[in-house]
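Thank you all for coming.

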Amino acid sequence: MLDKRLRLCADMVTGKRVCDVGTDHAYLAAELLSEGRCETAVAADINEKPLAAARLTLEKAGILDRAELILSDGLENIPESGITDIVIAGMGGELIADILSRCGWLDGKNMILQPMSRADFLIRWLCENGFEILKQCAAVDGKFRYTVINAVKNGAASYTPPPIFELLGKLDLSDPAARLYAEGQAERLLREGRASRRTEKTALAAEIFTRIGRDTMYCVKDLMILMDKIAPMKNLHKGDNSGLLVGNESASVTKVLFALDITCDVVREAAKIGAEAIIAHHPVIFHPLYSLDDSNPACLALKHGIACICFHSPLDMADGGINDIIFDMLNSALGLKKQSVLEPVHPDGRGYGWVCTSGSELYPDEFGKMLKDVFGCTIVRYTDSGSIIKKIAFCSGGAGSDLPAAIAAGADAYITGDVKHDQWITARNAGIALYDCGHFHTEDIAVPYLISRFKEEYPQLEAVRARADRDPVDYIL
């Protein structure tokens with residue numbers, strides 16, 4: 001009596017003469033011969049001891065005369081001699097691929113392959129080496145989940161399959177056993193993805209969960225892993241507060257709300273739409289809390305069980321982060337060339353803002369009108385230096401304190417937000433055009449960028465922009 005794994009293998013045998021590689025006790029060969037599914041069989045193994053056990057099995061069944069026992073490393077010592085089917089079961093996927101790669105007479109043979117591990121490697125190898133996968137099934141035996149692949153080498157075009165096909169092949173996911181096998185694959189990917197911080201594995205796991213109709217198993221930790229990939233925490237500026245500021249990293253997540261600031265209105269919006277997490281640039285907790293009540297957004301988020309993830313300085317300094325977004329926005333209009341980091345912070349020179357040369361020349365008022373369009377500002381405050389602007393420095397947010405660095409770099413204009421009165425005076429005295437485009441408008445540009453990255457890396461996760469996230473300042477024009 002075969003177990004479920006070998007029963008699947010037996011059911012895929014179609015010809016008269018089968019070769020069972022790694023036969024062990026020859027249970028499969030004995031069953032096929034006894035049932036009359038095959039006329040003859042070759043039982044092969046790399047060691048003498050399993051072959052001795054196989055002989056006893058075949059003798060006991062009274063079919064030894066219809067079987068040939070061969071000591072062989074894979075298929076090396078097996079003569080083709082009319083073999084119609086090859087079964088290789090109970091080995092790792094990489095070993096099965098190696099055995100097949102060393103055999104020169106596989107064309108047209110019906111192959112039944114049952115990898116105990118690395119089925120994805122085997123499926124990819126088959127596709128890349130001219131094999132067609134005819135069928136794939138799964139078996140569940142207690143806590144163990146197996147897959148069996150039926151393939152043939154028939155001159156099919158070689159190609160590299162997509163990752164999801166490597167994992168699921170031709171499994172029919174309407175079959176309960178196939179769904180359980182797929183679920184096991186997804187759970188393994190989740191574990192590996194979180195341990196190695198590889199977001200592509202987490203995304204593949206989510207896709208499999210979606211295909212089998214199970215809730216996607218994202219958790220807050222997955223959000224942290226992707227944010228660290230986008231804006232590495234190793235670049236955190238001393239004194240800054242970034243990371244998971246509210247909530248538990250093991251909490252599950254299906255929907256994320258994105259904002260520049262986590263206000264009470266943003267938290268209430270998250271609770272209303274069922275978002276389990278909020279990702280923001282500005283820290284929801286920056287100064288010490290001396291009292292806790294619902295007027296504090298961090299407390300309100302904790303009350304509703306909503307995680308708050310904030311990446312402040314790491315997103316300012318990241319490749320592709322806020323200051324690089326500003327560069328791209330200005331570059332399309334001005335043809336900029338980066339010269340240096342405005343305020344280096346780390347030993348490798350990474351820091352805040354950029355100093356750039358411009359491919360265009362503009363007068364200060366023209367430049368201010370352009371900035372209003374680029375950032376979508378309500379107003380732009382500026383000092384008119386009276387000089388043509390050729391060299392530009394900028395830093396997102398409230399970086400008026402970096403004005404001296406822009407002056408020292410020889411910039412004709414400096415763009416930032418939250419400029420103070422004394423900084424306007426300094427700009428006038430230095431003859432530099434200073435532009436205050438607003439803290440909100442020079443950093444809110446990061447929100448659509450983060451949403452696009454999450455949709456790209458975690459397509460099964462719902463990523464939403466907070467409607468309540470708005471410029472906190474009202475204007476009379």
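Let me begin with Arg197, which sits in the loop between helix H7 and helix H8, the latter covering residues 199-211. Before I go on, please keep in mind that what we are looking at is a predicted model. Arg197 has a positive phi of about 60°, although it is not a glycine, and as background, most residues other than glycine have a negative phi.

Glu183 is buried, because its relative accessible area of 16% is under the 20% cut-off. If we leave aside residues up to four places away in sequence, Glu183 touches Arg145, Phe209, Ile212 and Arg214.

Let us turn to the sheet. In what order do the strands of the open sheet of seven strands lie? Reading across, the order is S3-S2-S1-S4-S5-S7-S6, and the pairing is mixed. Strand S3 (67-71) and strand S6 (131-141) stand at the edges with a single partner strand each, which means that one side of each has no neighbour in the sheet. On average, and ignoring direction, neighbouring strands here are turned by 15° against each other. Helix H1, residues 4-11, packs on this sheet and touches S4, S5, S6 and S7, with its direction at about 150° to that of S6.

Helix H3, residues 48-60, lies across S2 and S3, and runs at about 170° to S3.

Next comes helix H5, residues 119-128, which is mostly covered, since seven of its ten residues are buried. Among the buried residues of H5 are Leu122, Ile123, Trp125 and Leu126. And what do the buried residues of H5 pack against? Their partners are helices H4, H6 and H7, together with strands S5, S6 and S7. Just after H5 comes Gly130, which takes a positive phi of about 80°.

I will finish with empty space inside the model. In general, rolling a probe the size of a water molecule over the atoms shows where empty space is left. Here the count comes to one cavity of 30 Å³ or more, and the volume of the largest cavity is about 30 Å³. Its lining consists of Leu334, Ser358, Ser360, Glu361, Leu362, Phe367, Ile389 and Ile392, which divide into five nonpolar, two polar and one charged. Strand S15 (351-362) and strand S17 (389-394) each supply at least two residues of that lining, and S15 gives the most, with four residues.

Methods. Residues numbered from 1 in each chain as written. Predicted model: local features only at pLDDT ≥ 70, side-chain atom pairs only at ≥ 80, totals over all residues. Heavy atoms only, no water. Pairing = 2+ DSSP bridges. Axes fitted to C-alpha atoms, helices over the stretch in contact; angles between N-to-C directions. Contact = heavy atoms within 4.5 Å. 1 Å grid on protein atoms, 1.4 Å probe; cavity = no way out; pocket = protein on both sides within 12 Å on 5 of 7 lines; lining within 4 Å. Points joined across faces, edges and corners; volume = space filled by probe spheres on them. Nonpolar A, V, L, I, M, F, W, Y, C, P; charged D, E, K, R; others polar. Buried < 20%, exposed > 50% of the residue type's maximum accessible area, 1.4 Å probe, protein only.
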